[in-house]
2 protein chains.
Amino acid sequence: MTSHHDLANAIRFLSMDAVQAANSGHPGMPMGMADVATVLFTKFLKFDAKAPNWHDRDRFVLSAGHGSMLIYSLLHLTGYEAMTLDQLKAFRQIGALTAGHPEYGHVPGVETTTGPLGQGISTAVGMAMAEAHLRATLGSDVVDHHTWVIASDGDLMEGISHEAISLAGHLKLNRLIVLWDDNEISIDGALSVAETGDQLKRFDAAGWATSKVDGHDPVALEAAMSAALQSDKPVLIACRTQIGYGSPNLAGTAKTHGSPLGATEIEATRQALNWPHAPFVVPDEIVSTWRAAGSRGAAAHADWKARLAARADAEAIEARLASRVDAKALRQLVADHAGAMAAKTPSMATRESSGAALETLVPAFDVLMGGSADLTGSVNTKVSGMSAYGAKDYAARYVHYGVREHGMAAAMNGMALHGGVVPYAGTFLVFADYLRPALRLGALMGVRTIHVLTHDSIGLGEDGPTHQPVETLASLRAIPNVQVFRPCDPVEVAECWELALLADTTPSVLSLTRQKLPFQRRDGSPVNRSAQGAYVLSPSSLAEKAVLIATGSEVEIAMAAQARLAESGIGVRVVSAPCLELFAAQSADYQDEVLGGNLPKVAIEAAVRFGWDRWIGPKGTFIGMTGFGASGPYQALYSHFGITAEAVCAAVQALD
Amino acid sequence: MTSHHDLANAIRFLSMDAVQAANSGHPGMPMGMADVATVLFTKFLKFDAKAPNWHDRDRFVLSAGHGSMLIYSLLHLTGYEAMTLDQLKAFRQIGALTAGHPEYGHVPGVETTTGPLGQGISTAVGMAMAEAHLRATLGSDVVDHHTWVIASDGDLMEGISHEAISLAGHLKLNRLIVLWDDNEISIDGALSVAETGDQLKRFDAAGWATSKVDGHDPVALEAAMSAALQSDKPVLIACRTQIGYGSPNLAGTAKTHGSPLGATEIEATRQALNWPHAPFVVPDEIVSTWRAAGSRGAAAHADWKARLAARADAEAIEARLASRVDAKALRQLVADHAGAMAAKTPSMATRESSGAALETLVPAFDVLMGGSADLTGSVNTKVSGMSAYGAKDYAARYVHYGVREHGMAAAMNGMALHGGVVPYAGTFLVFADYLRPALRLGALMGVRTIHVLTHDSIGLGEDGPTHQPVETLASLRAIPNVQVFRPCDPVEVAECWELALLADTTPSVLSLTRQKLPFQRRDGSPVNRSAQGAYVLSPSSLAEKAVLIATGSEVEIAMAAQARLAESGIGVRVVSAPCLELFAAQSADYQDEVLGGNLPKVAIEAAVRFGWDRWIGPKGTFIGMTGFGASGPYQALYSHFGITAEAVCAAVQALD
């Protein structure tokens, strides 16, 4: 029978050979962790290589994404159809499944995109959260799996790992098992040049169970993983390994980390590991043993299907696990809600309008899971009847993430990727900077996460410039595949929620005010006007001299300016632009029509101009911020920074 | 004699009264930590209220910046002249020193801007690093102080705190003492809704000494702080406190955190704490005792001045502590280096050019302190002769920050604020997202930090879209008071280094390539042409049909296109734009001259268009990225995404 050693060496040599062929990549990590991965994939991981999307599979996250050849080798060896030998040979070439770092959506079997350190382990926390929630909600006959992570020293040095670890420990996510590649090497050399902490004690302090094993001893690894399955806490297994294991001259050094070993050293490694096969050749017997491991889960998969089919609510469960949102029901709900708001025309902060929309959405859609980074009362994300998600109640739908914005956003990615949950959560807009790497990764992966980001300008007032976003909207709009919504009133808020919920391959940001705003959308139209990104909120009956374009809280200023100018016989239209990304996706004709062709343009947004020239041109007028804010009552700040109806009127009057 | 209790209550009531007057703010924290702060400021902190900028003062960092009334009260009571009672009464009003969160540069005695959680404690690590370095370098007769931090639960939940704590523990920064406001309350209620970890064990794991005291017991606090001064490790003192201490009905609850207590409850607190004085009234005797504390350090300050004056190198030390860079010497050095490069016209990656520039700059300027987030060999920040900064050698000038981008950037802020050090350090450009909150804070404070951010586009090749910035340049350019440099060759690189080193109130980013680039600046001019942000690198002798504007690696493409177009008799000029912020600061005439007036414009940058319309107009042509990148050899990626001289030529030829 094929030995563990043979199985692990297959990973090692495929990794070495592929990196060598690409003349680029990271062989050291797959070589070092081959034994760990072999034990995991042949004895523990619940998966069915022929059905990568089986919902009750264990999730495997290679947090140390630079070791991508580890997962590509595993996918190939265990029989994922798409991962052919040719794909391995095309490692890191354009169009190959075998991208430099594993990319979700690009290759079956990759559960999340990794590479930016710390993201994988933190995303995995969200997966484990979703699993616990769905198990509690739908039953362990249909949801009952583990989340396994391979993490590196780099993952554990990143700050986000602290947020993830402490959150997981707090939530007692005992289905989460982290296999730490404890190789004592980092890019700058010995890990000890930069890190001398005690990781086991650290995890212990965060409420984890920990153990330490020889990462090259399959028996010890099996025992540690078996024990982990019995834990009532999340588990860290420190796997003491040698990076580049098997390489006679380079093992245990940083030189194996990020470069090919070179043909000579690979040859020496073949000798040392007694692997007489040519590059990319794995003997049939070894492949068959691996393939058998890949079909280990087929029976469990079939049993699961049978259990699901036996459930009276099978269809609903499938829809739920697919995170399906009934578009028709949603549209009706939003139209009704918007209609009710239009009948009352309340003055509300848009954060309050968002809370009001959620009061109708959360009860209607079980798939929604809310939360906040310790700002629940400020961001209006918790609605009546929601209770705290945690070890005492995994079926609850509100997560107190703590002051962990980055960990929160990564966990949201993980929930969305896991499926069965559509996560939304809030913090202040300015703290989007804290969660940005996870948001970027979500955009790259195309996941539906909804970030409720409030206190979105100097309008937050006295907290001052540390808390006042000025560049944040621009910085978010610059990210590909993110929708930034900045609605102006309760109707637009509800419309934007609808659009965010239906955007199932795009993260959304809702930028919302702290301060109260007057009601604007009095047309009573049941059509979602925000869907086009920008529209004429208020045309003028006078001849138009200019177009005022505003978002969110500054729509009020544009409307006031329009009224004043009309008193002087000057006509301007007001365009509300709740989502510039959606507006950019409209036809040039529609854009031109809304923006009034050659009419001079005045944009008003309590933020920097950066990015606005696309819509108003370099000679357009921008009323906004030119630098950081200040501390003071918000009305005084708007005056101080000249973001007023008076300033808009003066700008229009000054136009030739 | 005035009791400790009276002294602490003065802080409590000034804080309550100011928050009440502003009808905005955070009374709970100053009330809870008043005892801790009183012991610190009256018995330990080395400072001279009449000389806030005395260089050898202890640094005090209020990491929990929302408790700003704590520090404002202390500054007032101890006699910082600027902090009058009227300033306290104007808390959170425009123009007052007493901004919502303490702002560096806005008020003497505030060592760093805080409010965004986790930043203060992490900035303090940099201050302690600078202190240790300067003590080792200049001698403990002139540098010999501590860094004290008050940190909240929120600070410790943020991921950045992990990076800061583990770095400080690793570096054995025993002059760093953190007083943790262990009040078991967060905004969402009991801390236990989100956090149940063991902080003392966590710090212990990171190499800190820890202790736990009753935060309302001045004797215990004094003993703990005395012990901390003897530690050979950084010290965490868990101060068990009650938030809103003294308020009979609200103490110990989240209600005291972020809102005024209300007149009735303040009155009840006066009764409970036996403080019969009117709002903002502190009896003279208490004020005098506080003022005496504020002048405790005057003698030490005088002694220090005498010791400094006695040094033969006093003038050099003063210049050093002021982080002065000799502009004339720098300009000469850069001109010589650029001249030498122009004589050799080497093809180099700009990261290599940066390393070459540093080889001349680092030996010439002792004030420079380099480092990298575990990418030393990739970002070329370590030059010959530099050795590793750490407990074995604090005089060394190279910091192995580990994979701690955020902690690194905050530490750089702290070093710059401390003075005596000009920090530069590197990671990949895409990971600017990880350090962004600290960079923003640096921009707000106006500190000179230099971020060497390499691998700055799809030009990094095979690592793929997780590592390829596309929106990063735009997102950095959107931040006020950040200079983003993207030089094209060794001459521009050296020029940009000069500009960054001379920008003493602005953080700079150097965006540098992984891939080799041809040499461009053959004019041999000793003038720093990058200083104007953009300039005509290559005019055309033909009639000009268009202007090509490029940055960094895409200047090569523009130059190639110019040559090809010339073959077809089409003239275009090439503008190199290494710093759009500096270009924006030039006169409209200069801008117009460089950009060729009404000539059509084609911008080329391997990044998104966002922000470029300012320079090329909405109808200008942009050759760049429209979404995320891909994994593959970089030349193939440039072709794949159509960022080529051919594409530029086609665009110019298509112009009417």
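## Aromatic pairs and the A–B interface

Over all chains of this predicted model, the count comes to 31 aromatic pairs.

| Ring pair | Centre to centre | Angle between planes | Arrangement |
|---|---|---|---|
| A:F428 and A:F431 | 6.1 Å | 20 degrees | stacked |
| B:F428 and B:F431 | 6.1 Å | 20 degrees | stacked |

Are these residues buried or exposed? In chain A, both A:F428 and A:F431 are buried. In chain B, B:F428 has a relative accessible area of 7%, so this residue is buried. B:F431 counts as buried because its relative accessibility is 8%, and the cut-off is under 20%.

Elsewhere in chain A, ring pairs join A:F41, A:F47, A:F60 and A:Y80 into a cluster.

Now let us turn to the place where the two chains meet. Here 91 residues of chain A are in contact with 91 residues of chain B. The size of an interface is often given as the accessible area lost when the parts come together. For chain A and chain B, the buried area is about 7600 Å², with 59% of it on carbon and sulfur atoms.

There are polar links as well: 46 residue pairs are in polar contact between chain A and chain B, counting pairs with both residues at pLDDT 80 or more. Which element gives the largest share of the side of chain A that touches chain B? That is helix 18 of chain A (residues 432-445), which supplies eight residues. By class, this side of chain A holds 35 nonpolar, 34 polar and 22 charged residues.

Finally, 10 salt bridges are found across the interface. In one salt bridge, the side chains of A:R436 and B:D433 meet at 2.9 Å, N to O.

Methods:
Residues numbered from 1 in each chain as written. Chains lettered and ligands numbered in written order. Predicted model: local features only at pLDDT ≥ 70, side-chain atom pairs only at ≥ 80, totals over all residues. Heavy atoms only, no water. Contact = heavy atoms within 4.5 Å. Buried area = accessible area lost by both parts, 1.4 Å probe. Salt bridge = Lys/Arg side-chain N within 4 Å of Asp/Glu carboxyl O. Polar contact = N/O pair within 3.5 Å; in protein donor to acceptor, adjacent residues only side chain to side chain. Helix = DSSP H or I, 4+ residues; strand = E, 2+ residues; numbered from the N terminus. Nonpolar A, V, L, I, M, F, W, Y, C, P; charged D, E, K, R; others polar. Phe/Tyr/Trp six-rings, centres within 6.5 Å; stacked < 30°, edge-to-face > 60°. Buried < 20%, exposed > 50% of the residue type's maximum accessible area, 1.4 Å probe, protein only.
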